[in-house]
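Thanks for coming, everyone. I'll walk you through one structure today. Have a look at it first.

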Amino acid sequence: MNTQATQSLLSTPTHQRNKVVSAVDAVRLIHDGDTVAVGGFVGGGVPEALVVALRNQFLITGKPRNLTLLFGAGPGDGGERGVNHLALEGLIGRVIGGHWG
C-alpha cells in the first residue's frame with residue numbers, strides 16, 4: 001500500500017471500509033515516531049505476523065524509525081519470537097515495559 005492508497009483508506013468512511021487487512025497493509029499505517037503496543041508473554045499471544053511484517057518493512061524500506069514500543073509483560077522469548085524481531089538499530093527509539101524477564 002503506497003501513500004496514496006493509505007490516504008484513500010483513511011479518507012473512506014469507517015462504515016464503508018473493509019475492516020480486515022493483511023499484516024503487511026496494517027504495518028504500512030505505522031509512521032516514524034509512532035507508539036506501538038503489543039500484548040502477550042514470553043512470545044505467547046504476541047501478534048507474531050504483525051511484528052514480523054513490521055521488521056520486514058523496516059529491513060526493506062528503512063521505515064518506520066524511532067518507534068516507541070509499549071508492553072505490559074515480556075513479549076519475547078529472548079531468541080526468535082515476539083518483539084525480538086524488532087531488535088534492529090533505528091527501528092525502536094524507546095521502550096516502555098512493565099516486566100523485563
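**A quick tour of the chain**

Start with the surface. The protein chain has an accessible surface of about 6,200 Å², and 55% of that belongs to carbon and sulfur atoms. One caution before we go on: this is a predicted model.

Now the inside. The chain has 101 residues, and 27% of them count as buried.

Next, the parts list. There are three helices and three strands. What pattern do they follow along the sequence? Reading along the chain, you get α-α-β-α-β-β.

The three strands form an open sheet, in the order β1-β2-β3, with parallel pairing. β1 and β3 stand at the edges. Each has a single partner strand, so one side of each is left without a neighbour in the sheet. From one strand to the next, the twist averages 20°.

A word on pairing in general. Strands of a sheet pair through backbone hydrogen bonds, either parallel or antiparallel.

Here is how the pairs are built. β1 and β2 run parallel, joined by four bridges. β2 and β3, the latter covering residues 92–97, also pair in the parallel sense, over five bridges.

Follow one residue across. Threonine 68 in β2 is the bridge partner of threonine 35. On the β3 side, the bridge partner of threonine 68 is arginine 94.

Is strand β2 largely enclosed or largely open? It spans residues 67–71, and four of its five residues are buried, so β2 is largely enclosed by the rest of the structure.

Last stop: valine 42. Where does valine 42 sit? Its place is the loop between β1, residues 35–38, and α3, residues 48–61.

Is valine 42 buried, exposed or in between? Its relative accessible area is 40%. Buried would be under 20% and exposed over 50%, so valine 42 counts as partly exposed.

Which residues does valine 42 touch, leaving aside neighbours within four places in sequence? The contacts are Gly74, Pro75, Gly76, Asp77 and Arg81. Valine 42 and alanine 73 are 31 residues apart in sequence, yet 8.0 Å apart in space, C-alpha to C-alpha.

To recap: a parallel sheet in the order β1-β2-β3, a largely enclosed β2, and a partly exposed valine 42. Thank you.

Conventions: Residues numbered from 1 in each chain as written. Predicted model: local features only at pLDDT ≥ 70, side-chain atom pairs only at ≥ 80, totals over all residues. Heavy atoms only, no water. Helix = DSSP H or I, 4+ residues; strand = E, 2+ residues; numbered from the N terminus. Buried < 20%, exposed > 50% of the residue type's maximum accessible area, 1.4 Å probe, protein only. Areas by Shrake-Rupley, 256 points an atom, 1.4 Å probe, with all protein chains shown as cover. Contact = heavy atoms within 4.5 Å. Pairing = 2+ DSSP bridges. Axes fitted to C-alpha atoms, helices over the stretch in contact; angles between N-to-C directions.
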